[in-house]
Amino acid sequence: MTQNHLLDIAQWKNGTGAQGIPSICSAHPLVIEASLLHALRGGHHLLIEATCNQVNQDGGYTGMTPADFRTFVEEIATKVSFPIEKLILGGDHLGPNPWKDLPADEAMAKAKVMIAAFAQAGFTKLHLDTSMGCAGEPVALPDELTASRAALLAAEAEKAIAGRGGIAPVYIIGTEVPIPGGAMEELDVLELTTPEAAIKTIDVHREAFKAAGAEDAFARVIGAVVQPGVEFGNENVIAYESPKAQALSATLEKFDGIVFEAHSTDYQTRAALRSLVTDGFSILKVGPGLTFALREAFYGLDLIAEFLFPGKRPETLTSVMERVLTTDPKNWNKYYHGSEDEQRLQRHFSYSDRIRYYWPQPDVAKAVKDLFDTLAGVTIPETLISQYLQNSYTLVRDGLIEPNAKALALASVDAVLEDYFVACHA
């Protein structure tokens, strides 16, 4: 088998090139396109991940199976001339979470089918997450049971690719993170993973893999998910504080070939991201922060289009989005609280960016298309870019970004990506 690009990630810190890698957690085609273009400019590998709720054998909320998602990403990569051999696909939180309302045996049976589908589709980074209780179980499970179930999934993935050749997957273990997409409330402080907990996580998984006959898979465990003290809620961000994480970081010295994976690094500063990588949190997962930036661009372009062509569209994008959000609240109403005005603010502008679930909705997708059709062929005046898309203004003035709708939307995502790629490369 060809060696997995991530297999020696723990040694990257000793080199002069990449010292970490961003993990792009989004299924939005413009986010993926911006990410591919950014990696292409630097000659970098690109890691794109799909979660178990987003993509699975039943279609997830995107309607895509793992094989579908691979085709979807590769088609965009081909369009922008990104080399497929530098594309790494990952599966995130792979476990029974989508079916946790079922009894554990049934949920795990579905999780086994799912991870086999990810492995067979050529996803070569698999995060095993079996920490959630299923029907009749506690919300959080003992480490030993979590590890035992994770090992069973790893064994299933290994069985799915046996004899196929190609690149063997690497595995991520550990689950000390909140729900995907950020915390549900305003945050004050976070409890970091203790060194003892990190060590125990790795040790119990090693034993569980051995018991499941999956020692070969454990040899490709390259990372553990821990909480280094970064998170975002609806209204605020907890910034990384390197001194507080030094004891946790030091535990990596006890394990050869393993790094830490940091979830919910969205909205951290470039300096904080660089400190995370330096401290051994070498895999930086980002998702909502990218679609938040894309939404900013869409809303800015919406205002520009309405100023330049007042009344040309039957509805503005923002009015369509508000209508859809209020008539179909299932993706946000459990997470946003407060008065009617406070919920309206959060629906559109929350850091948790649950608005991202609505971009594929037919009325919203049509409104975005109408927006781009309205601005097609339009050279947007610099003064309007200054007013509504100020982050791109200087780059437009310097001739680095074309003053058109798509270029400005991609540039908003690219600005966030730049922080991650700079942080991850020496």
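Reply: Happy to! A helix here is a DSSP run of H or I with at least four residues, and helices are numbered from the N terminus. By that count, Thr394 lies in helix α14, which covers residues 390-397. Please keep in mind that the model is predicted.

Let us stay with Thr394 for a moment. Its relative accessible area is 47%, so Thr394 is partly exposed. Looking back along the chain, Pro360 is 34 residues away in sequence, and the two C-alpha atoms are 31 Å apart in space.

On the surface, Glu342 gathers with Glu235, Glu340 and Asp341 in a patch of negative charge.

Arg347 belongs to helix α11 too. The side chain of Arg347 meets that of Glu322 in a salt bridge, with 2.6 Å from N to O. This pair links distant parts of the chain, since Glu322 is in helix α10 (residues 317-327) and the partners are 25 residues apart. Both Arg347 and Glu322 are buried.

Beyond the helix comes the loop between α11 and α12 (362-374), and Asp353 is found there. Asp353 has a positive phi of about 55°, although this residue is not a glycine. That deserves a second glance because most residues other than glycine have a negative phi. With a relative accessible area of 1%, below the 20% cut-off, Asp353 counts as buried.

Elsewhere, Ser81 has a positive phi as well, about 65°, and is not a glycine either. Ser81 lies in the loop between α2 (66-79) and β3 (87-94). Is Ser81 buried or exposed? Its relative accessibility is 56%, so Ser81 counts as exposed.

Back to salt bridges: the structure holds 26 of them. One of these joins Lys79 to Glu33, with the closest N and O atoms 3.3 Å apart. Here, too, distant parts of the chain are linked: Lys79 is in helix α2 and Glu33 in helix α1 (residues 29-42), 46 residues apart. Lys79 is exposed at 55% relative accessibility, whereas Glu33 is buried at 8%.

Asp203 and Arg206 form another salt bridge, at 3.0 Å from N to O. These two are three residues apart in helix α5 (residues 195-211), so about one helical turn separates them. Asp203 is partly exposed at 31% relative accessibility, and Arg206 is partly exposed at 34%. There is also a network of salt bridges that links Glu49, Asp92, Lys125, Glu261 and Lys285.

Finally, let us step back to the whole chain. Its secondary structure comes to 15 helices and 10 strands. Of its 426 residues, 55% count as buried. The C-alpha trace spans about 65 × 50 × 45 Å along its principal axes. A compact globule with 426 residues would have a radius of gyration near 22 Å, and the chain agrees with this at 22 Å.

Definitions and conventions: Residues are numbered from 1 along each chain as its sequence is written. This is a predicted model: local features need pLDDT of at least 70, side-chain atom pairs count only at pLDDT 80 or more; totals for chains, interfaces and linings use all residues. Side-chain values use heavy atoms; hydrogens and water are left out. Patches are made of residues with over 30% relative accessible area and no salt bridge: like charges are joined within 9 Å, nonpolar side chains (Val, Leu, Ile, Met, Phe, Trp, Tyr) within 5 Å. Accessible areas come from the Shrake-Rupley method with a 1.4 Å probe; for residues, only the protein chains shown count as cover. A salt bridge is a side-chain nitrogen of Lys or Arg within 4 Å of a carboxyl oxygen of Asp or Glu. Lys and Arg count as positive and Asp and Glu as negative; His and the chain ends are not counted. The place of a charge is taken as NZ of Lys, CZ of Arg, CG of Asp or CD of Glu. The radius of gyration is taken over C-alpha atoms; the globule rule is 2.2 Å times the number of residues to the power 0.38. Buried means under 20% relative accessible area, exposed over 50%, partly exposed in between (1.4 Å probe, protein chains only).
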